[in-house]
Amino acid sequence: MNPIKWGIIGCGRIAHRFVQGLREVPGTVLVSVWSRRASSVNSFVEQYGGKACTNVKELLLSDIDVVYIATLPDSHALYSILALNAGKHVLCEKPAATNLAILETILTVAREKGLLFMEGMKPPFFPLYRRLKEYLLTDPIGPVGYVRAGSSVADISRDHPNFSYDLIGGSIMQIGIYEAFLAIDWLGNTKKVQALGRFGETGIDMFSIFQTEHEHGYAQMYAGFDLHGKGDALVCGTLGNVTIHKNWWNPARATIDYLDGHSVEIDEPFTAGGLNYEIAHFCELVRQQKTESPIISHDMSRQMIGMLDEARAQVGLKYKGE
């Protein structure tokens, strides 16, 4: 089996976690790295290997099959399109684009080039999440009609990019997209969104709540940077409910409580930070010459960013150029 050769654009915190996961996936190799800050590239390759590229063109011309885009959201579309036009498959961190219109531009290029494009959304690939879905096939909680989830992290340093308006910060975009995934995954396509949010001094939403109507039920979600939220998730069906314990987006433990009184605990630890499972899925798609993930499909990405577009519109958050 020929190894899948990876290039990485961006050397921030998520890129470090990504390489830790990549090392756990057989048949992969890190070949090239580039970031806008040369110092970060050099220290990154000293730690993890690969070639430090001096510009993005050099990276895209190197002997790679796939590009992982680990930059901040303001440049996701730019680098995704550059990579696709260079003939490379793309795994792009979430959110893959600022809004639905920009996402559609990326997907059009991917379709025209016949290449794989996938948004990085890690929860469904974790062992706990997969095992939970499998377990419920034989001991179901009935049709799911309600999802409640959220995260508010009050200890992030104020110099973090999450607080930057120019870098597409804000709680809806940085945290809410996880909750959007969960609601859509269990309840189907979004039909209606209601949102409230309050802003901080940098012009981004510091705390937002949004409730949604879906094909199969309702969801209530929150996301924030200045309150200490619990970070769990609740999925309710007609015969029982599931609690995915904190932090639900890095799931390792779930409790299923049934209407008849019995409970089931599922414990499934993860390794290497958890991105290895997403990477393995993506690599399998590459080997199968697929252009879309059946799990984080293009329509799933459309649904997620569409929900966030509507939530931002209701709280009044527009980014430059929108």
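Modeller: A residue is called buried when its relative accessible area is under 20%, and we shall apply that cut-off to a model that is predicted.

Biologist: Why is Trp248 called buried?

Modeller: Trp248 has a relative accessibility of 0%, and because the cut-off asks for a value under 20%, Trp248 counts as buried.

Biologist: What makes Trp248 and Trp249 an edge-to-face pair?

Modeller: The ring centres of Trp248 and Trp249 are 6.3 Å apart, with 85 degrees between the planes; since rings pair if their centres lie within 6.5 Å and count as edge-to-face over 60 degrees, the pair of Trp248 and Trp249 is edge-to-face. Trp249, at 13% relative accessibility, counts as buried.

Biologist: How many aromatic pairs does a search of the whole structure find?

Modeller: The search finds 13 aromatic pairs, one of them formed by Phe18 and Tyr68.

Biologist: Why is the pair of Phe18 and Tyr68 called stacked?

Modeller: The centres of these two rings lie 3.7 Å apart and their planes meet at 10 degrees, and because planes under 30 degrees apart count as stacked, the pair is stacked. Phe18 belongs to helix α1 and Tyr68 to strand β4, 50 residues apart, and the pair thus links distant parts of the chain. Phe18 is buried at 0% relative accessibility, and Tyr68 is buried with a relative accessible area of 0%.

Biologist: Which residues form one aromatic cluster with Phe18 and Tyr68?

Modeller: Trp6 and Phe282 form one aromatic cluster with Phe18 and Tyr68.

Technical notes:
Residues numbered from 1 in each chain as written. Predicted model: local features only at pLDDT ≥ 70, side-chain atom pairs only at ≥ 80, totals over all residues. Heavy atoms only, no water. Phe/Tyr/Trp six-rings, centres within 6.5 Å; stacked < 30°, edge-to-face > 60°. Helix = DSSP H or I, 4+ residues; strand = E, 2+ residues; numbered from the N terminus. Buried < 20%, exposed > 50% of the residue type's maximum accessible area, 1.4 Å probe, protein only.
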